[in-house]
Every structure is written in structure tokens, then in C-alpha cells.
Amino acid sequence: LGPDPAAPERGAVLAPDGSTVALGPLLAGIEAGLRSGGFGPPLPTLDPPADPLLAVTVAEALGTSFLLARRGDNNGTALGPGGCWDDAENPQNYTLEGPPSPLPDAVAIGAMDGALLGARLARGPLPLAELLRGYYGTGNGSREGRPPSSYRRRDFGALAGPERLEKEVAAVLGVLRALPPGRELLRDVGTQEVAAVARRAAREFSQRYVECPAIVPRCMWGARPYRGTPRSLRLPLGSVFIHHTLEPARPCRSFGACGRAMRAMQSFHQDSRAWDDIGYSFVVGSDGYLYEGRGWHWVGAHTKGYNTRGFGVGIVGDFSAALPDPDTLALVRDEFLPCAVRSGHIRPDFTLRGHRQLVHTECPGNALFQEIQSWPGFQ
């Protein structure tokens, strides 16, 4: 990825699952995995000891980014930003949404994928095309189920949780002390400061990329502009309202299908109902991702009379008689809601309600309404 956020970035690809992946750490992880599995020259032994797979994918970039942010060389930003492709249906150019750190979102995703795929190759050979097709959801039956890449956050957390990641960042910074340009970067940084940088880097990376679910931004699914002037929410909010979309009635199980569902709902809400935008704050696909509607900061049009009090979360599908798959329920219950509390968007004592409790409607469907009654915060 290049240094100019206004220019199209190089070295990033849009994967079939809708995630943007930087190729550098992805390919480095694949090479490290192959070499550790006995293919090609052996990997060097690092001193101090560090895992070469994590060093080439995430540890070096993560440690360097937080060192630069600590010195003020990077405007205090150590992670991000994200970015968007120019056309959801025919993507050509990827552009960052703001000034880049050494670890923008695409690099973080590429690093996690490189570590996971490298670890897989270290266990035994597999044709590269087969590995990539299976992981990103082509040729693995992903029309019926989520591709493995949609679980990257969970799987990377199992491979390298915060404690291990902290240890690896500290180790690779120790290696960099003896190498240019790391020698200059670490010249006045003591051992305790290195440990503190590694601890902060591992914690913030894990909070952003492992513990919180991925949210596909509006520009990625091809949103129209907001009509009028959006009203700001006063955070943190005290409520979350659960909906089903009803139309589309079938869950969407791929980035393409979920993006089309988002555009269709936005068109219906803007053109038929004359709303300023899609009504939901967030929409949940069965592909493993949330999709940004009005988002964290703008008043939605999801629960009449209560739009300023809570976020409206719609799950794509009709759940009158059947439930979303367990992974989709867990995405909202176990990932989205706790992350929203940790990030300060909803209060720790938030209340969770179904749409029907506040408005005369069958939403979110009998099956889903019965399910959410067992969720934390339900009233």
C-alpha cells in the first residue's frame, strides 16, 4: 500500500468474500509456511527467538507502527485506516479513507490471512490455487455456508492471542535492534519501553481486528449518498433494537448477494418510503459480516419513536418460522454487542428489544423474537 491516501493503492486485491487483502504479508506468510514445512531453504533462526511466520506477517509491521506513533512520526495513528473500491460490481481502484499508518486495514487482513494460510501449509503441501479458492470461498460450497476467510478473526485469535502476539512483537523488536533501519528507530528505546509498546500494540490490534466483527463500510457495498442532512446521535446509546428485513426474505450468504440486498433495501427506503437513507444502523448478513447502514453516528429510521435512543440492527431474511444460522446469531450476540459496549457506542447496562415490542409489527419474526429473549440485555 502506498503513502498517499487520495491515490489508488497498489498491492491490494478484493477477495471473493468482500475483504480487501494486501498481498505483501499474505505472500510472505505463505512462503514462511512452505519453508517451515520443508519446502525450499530453511527459515533463519532469529535472535532473540521469534516466530518467523508471525514476524513476516504481522509482528514487525505492528511493532514498527506503534513505535512510530509513539514518536509522533505517524500523527499518533498506529492502525488503519480502511478503504474502499471504486465500484462494488466492477472494482478497479482501491483508495484509503484517510492518512495511512504502516498497518492499514488491508495490511492487517493480509497479515492475518498470511499467518493462517502459512500455518496450514506448514502442516503439509497443498496446491496454492486450491488453498486460496477454499479459503476465500470459491469452490468450497460457500453459497450454502460461510467461507473460512470469514472466520479469520476468530482463527487468528486462536493462533496468536494477545499474550502470544505481545511476546512476538517484543521479540521482533529485539531482532530489529541489530538491523537498519530498526537500529535507528530503537536507539533511545529501553527494554521496558519496548515491552510497553508490544503490550499496547497487541492489545489494540486484538481489540480492533480480533475481538470486534468486521463491518463492511457503505462505500464497499455501493451505497447511494444520504439525502438531506443527517442528525447526530448522542453516544453512548442505551438500547439496541433487533429486526429482520423480511425482504429480502432469504439470508444472503456472499458479499455479492449481501451487497445487492443492501442496495435494494436502500432504494426501497429512499424511493418508496421517501426516507433519507436506508433505515437500519447496521445490517447482518449470513456471510459472516455486518454492513454499515446509518452507522454509529447518525439517527436511523428503524424503530419509530425510538430512533434517537438506540441502534437498529436488521438481519437479512424472514425469520418468522426459522432462525438465522447459529454463526449469524453469535456474530450479533457474542461479537457485535460486546464490542459496541467496549467501544463506548452503547452503555454497559443497555437494553435489547425486538422491533415488535415498540411498534405494531410482526418484526423480527416469531422465531427470532423468541431467540433474542435469552440474550443479554433483553427486556
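In which sense do E7 and E9 pair, and over how many bridges? E7 and E9 pair in the parallel sense over three bridges, where two strands count as paired if DSSP finds at least two bridges between them. Strands (E, at least two residues) and helices (H or I, at least four) are DSSP runs, numbered from the N terminus.

This is a predicted model, in which local features need pLDDT of at least 70 and side-chain atom pairs count only at pLDDT 80 or more, while totals for chains, interfaces and linings use all residues. Residues are numbered from 1 along each chain as its sequence is written, and side-chain values use heavy atoms, with hydrogens and water left out.

## The sheet

E7 and E9 belong to an open sheet of six strands, with mixed pairing and the order E5-E8-E7-E9-E6-E10. At its edges are strand E5 (215–216) and strand E10 (346–354), each of which pairs on one side only. Strand E6 (residues 237–244) pairs with E10 in the parallel sense over five bridges, and E6 also runs parallel to E9, to which six bridges join it. Single bridge partners place these pairings in the sequence, and the table gives one residue pair in each row.

| Residue | Bridge partner | Strand of the partner |
|---|---|---|
| Ser239 | Thr351 | E10 |
| His244 | Ile315 | E9 |
| Phe282 | Val313 | E9 |

How much of E6 is buried? Eight of the eight residues of E6 are buried, so this strand is largely enclosed by the rest of the structure; here buried means under 20% relative accessible area, exposed means over 50%, and partly exposed lies in between, with a 1.4 Å probe and protein chains only. E9 is likewise mostly covered, with six of its six residues buried.

Leu237 is found in strand E6, and because its relative accessibility is 3%, Leu237 counts as buried. If residues up to four places away in sequence are left out, Leu237 touches Thr308, Arg309, Gly310, Phe311, His345, Ile346 and Arg347, contact meaning heavy atoms within 4.5 Å. Although Leu237 and Thr308 are 71 residues apart along the chain, their C-alpha atoms are separated by 8.2 Å.

## Helices on the sheet

Helix H11 (residues 326–342) lies across E6, E7, E8, strand E9 (310–315) and E10, and runs at about 145 degrees to E10. For such values, axes are lines fitted to C-alpha atoms, for helices over the stretch in contact, and angles run from 0 to 180 degrees between N-to-C directions.

Most residues other than glycine have a negative phi, and most peptide bonds are trans. Against that background, several loop positions deserve a look. The peptide bond from Leu235 to Pro236 is cis, with omega near 0 degrees, and Pro236 is placed in the loop between helix H9 (218–221) and E6. A cis peptide bond also joins Glu247 and Pro248, with omega about 0 degrees, and Pro248 is placed in the loop between E6 and H10.

Leu246 is found in that loop between E6 and H10 as well, and its phi is near 65 degrees, a positive value in a residue other than glycine. Leu246 is partly exposed, with a relative accessible area of 43%. Ala274, in the loop between H10 and E7, has a phi near 60 degrees, which is also a positive value in a residue other than glycine. Is Ala274 buried or exposed? Ala274 is exposed, because its relative accessible area is 62%.

## A helix pair

Helix H3 (residues 105–122) and helix H5 (residues 152–159) pack at an angle of about 60 degrees, with their axes 10 Å apart. From H3, Ile109, Met112, Asp113, Ala115, Leu116 and Ala119 meet Arg152, Asp155, Phe156 and Leu159 in H5. By class, this contact has seven nonpolar, no polar and three charged residues, with Ala, Val, Leu, Ile, Met, Phe, Trp, Tyr, Cys and Pro counted as nonpolar, Asp, Glu, Lys and Arg as charged, and the others, Gly among them, as polar.

## Record annotation

In an unreviewed entry, UniProt lists residues 213–359 for "domain: Peptidoglycan recognition protein family"; its positions are given in the numbering used here, feature names are shortened, and annotations may be inferred rather than shown by experiment. In the model, the span of residues 213–359 is 27% helix and 21% strand, and its end C-alpha atoms lie 29 Å apart.
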